[in-house]
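Student: Could you walk me through this fold while I have it open on my screen? I'd like to start with how you name the pieces.

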Amino acid sequence: MKVAITGIGIVAPPGVCKEDFWQNVKAGKSFISPITRFDASKYPSQVAGQIENLNTNPIPRRLLKKIDKFSIFALIATEQAIKDASLNLAKEDPYNIGIFIGNALGGWLYAETELRDLYVEGRDGVSPYLASAWFPAAPQGQISIFYGIKGYSKTVVADRASALMAIGYAAKVIENKKLNIAFAGGTEAPVTPYALLCCSTEGSLSKGLYRPFDKERDGFVVGEGAGILVLEDVEHALKRGANIYGFITGYGSFCDGVDRIMPDPNGKGLIKAIKAALDMAGYKPTDIDYICADGVGTKLGDISETRAIKEVFGKKIPVSAPKTMFGYLLGAAGAVDVIIALLAMQEGIIPPTINYQTKDPECDLDYVPNKSRPKEVKRALIISRGRGGINAVLTIERG
């Protein structure tokens, strides 16, 4: 597989453009803060990665009233990605452009607000836009309408693996010559009362620091935002003289089939997914310079991911979880991790796993603790995992 990545759009707590985002990520700054937009005092986890003072000017005010925040994030990230790719949509066939977006929860802020109105005011109090605002495919539809995109498209809902699976799916469609261009990534807005409750009841949220692979870990912290990539057929990208950040070269996905939430303890499904991605790319394990980890921060999640990586790569490869700085963006996380890996390739800097303090004997890899590290990265591997034993792996190569 060889699919070009020609544009990046990022909306996340460290920055709402690639320059700000990368400056803060490589500096290892934390963007986790107490939740203030609603009373979270009775929740086990009261912190999150939140986007403050988002500039929504690119979106018409009338449209803002009709859509949920997760669609707003997706539209702003898509606008950035199109500009970053210097893509003139007027010169492209809209039937040769597709949209592949992942998310895990849908538009719950809109949904829970209208449900409250239903019970307080009755049926007449519910917005007529609820039906088109909350459902998981809403961002795909809004991007399609906003830009006049008409090609084959798909929404992927696969818990925390949603975005990486959407990107892998889009790359395969382009590789099979069914599209020239795809907008691919993920979006999530989980910092709402009900969405946070859903995450809390599962029991995987941290009560304090987000510190995967650390012996004192107690789960992850949620974050919000979106990451969108412009993927292109290589010949199409070269023909229009596009700047190519890198190439998607391999993709693999397997299920564990063990538990409704937790992964296989030995990471067998993840091992198969890693090997499938490497095989598709034609890489040996020694060809990979950096792994951007899932890093969920649960004991079983961290240990099983460590065992899988060690089984394929040994112990020396650098592995980090930069999401420790801004929270786990659930169904958008994989796209943000791909963006981080691309920017790491551009600058030759591996961003760190922050909050790492106490070694766990069962997690004995090089997690790039607390501080970025200079290193040439030609090829990287990204891991996303979801509840129910979902494993997705993507390999990318510098352009």
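Tutor: Helices (H or I, at least four residues) and strands (E, at least two) are DSSP runs, numbered from the N terminus. This is a predicted model, in which local features need pLDDT of at least 70 and side-chain atom pairs count only at pLDDT 80 or more, while totals for chains, interfaces and linings use all residues. Residues are numbered from 1 along each chain as its sequence is written, and side-chain values use heavy atoms, with hydrogens and water left out.

Student: Okay, then where is Val 221 placed?

Tutor: Val 221 sits in the loop between helix H8 (193-202) and E7.

Student: Buried or exposed, that Val 221?

Tutor: Val 221 counts as buried because its relative accessibility is 0%, where buried means under 20% relative accessible area, exposed over 50%, and partly exposed in between (1.4 Å probe, protein chains only).

Student: And what does Val 221 touch?

Tutor: Taking contact as heavy atoms within 4.5 Å, and not counting residues up to four places away in sequence, Val 221 touches Ile 32, Val 47, Ala 48, Gly 49, Ser 206, Gly 208, Tyr 210, Gly 327 and Tyr 328.

Student: Switching to the sheet: what is the strand order?

Tutor: The open sheet has 10 strands in the order E5-E4-E6-E7-E1-E8-E14-E13-E9-E10, with mixed pairing; two strands pair if DSSP finds at least two bridges between them. At the edges are strand E5 (154-156) and strand E10 (319-320), each of which pairs on one side only.

Student: Which strands does helix H7 touch when it packs on that sheet?

Tutor: Helix H7 (residues 162-175) touches strand E1 (3-11), strand E4 (97-102), E5, strand E6 (181-188), strand E7 (225-233), strand E8 (246-255), E13 and E14, and its direction makes about 175° with that of E6. For such angles, axes are lines fitted to C-alpha atoms, for helices over the stretch in contact, and the values run from 0 to 180 degrees between N-to-C directions. Helix H10 (residues 268-281) lies across E8, E13 and E14, running at about 150° to E8.

Student: How many bridges does E4 make with E6?

Tutor: E4 and E6 are joined by six bridges in the parallel sense, with Phe 100 opposite Ala 184 in E6. E4 also runs parallel to E5, with three bridges between them, and there Ile 101 stands opposite Thr 155.

Student: Which residues of E4 are buried on each face?

Tutor: Ile 97, Ile 99 and Ile 101 are buried on one side, and Gly 98, Phe 100 and Gly 102 are buried on the other.

Student: What about the largest nonpolar core, which residues touch the most other members?

Tutor: A nonpolar core is a set of buried Ala, Val, Leu, Ile, Met, Phe, Trp, Tyr and Cys residues joined through side-chain atoms within 4.5 Å. The largest has 77 residues, of which Phe 21, Ile 167, Leu 229, Leu 231, Ile 248 and Ile 396 touch the most other members. Helix H12 (residues 333-347) gives the most to this core, with 11 residues. A second, separate core of 29 residues includes Leu 63, Ile 76, Tyr 147 and Ile 228.

Student: Last one: why does Asp 360 count as buried?

Tutor: Asp 360 counts as buried because its relative accessibility is 7%. Asp 360 lies in the loop between strand E11 (349-350) and strand E12 (373-374), and its contacts, not counting residues up to four places away in sequence, are Phe 213, Asp 214, Lys 215 and Arg 217.
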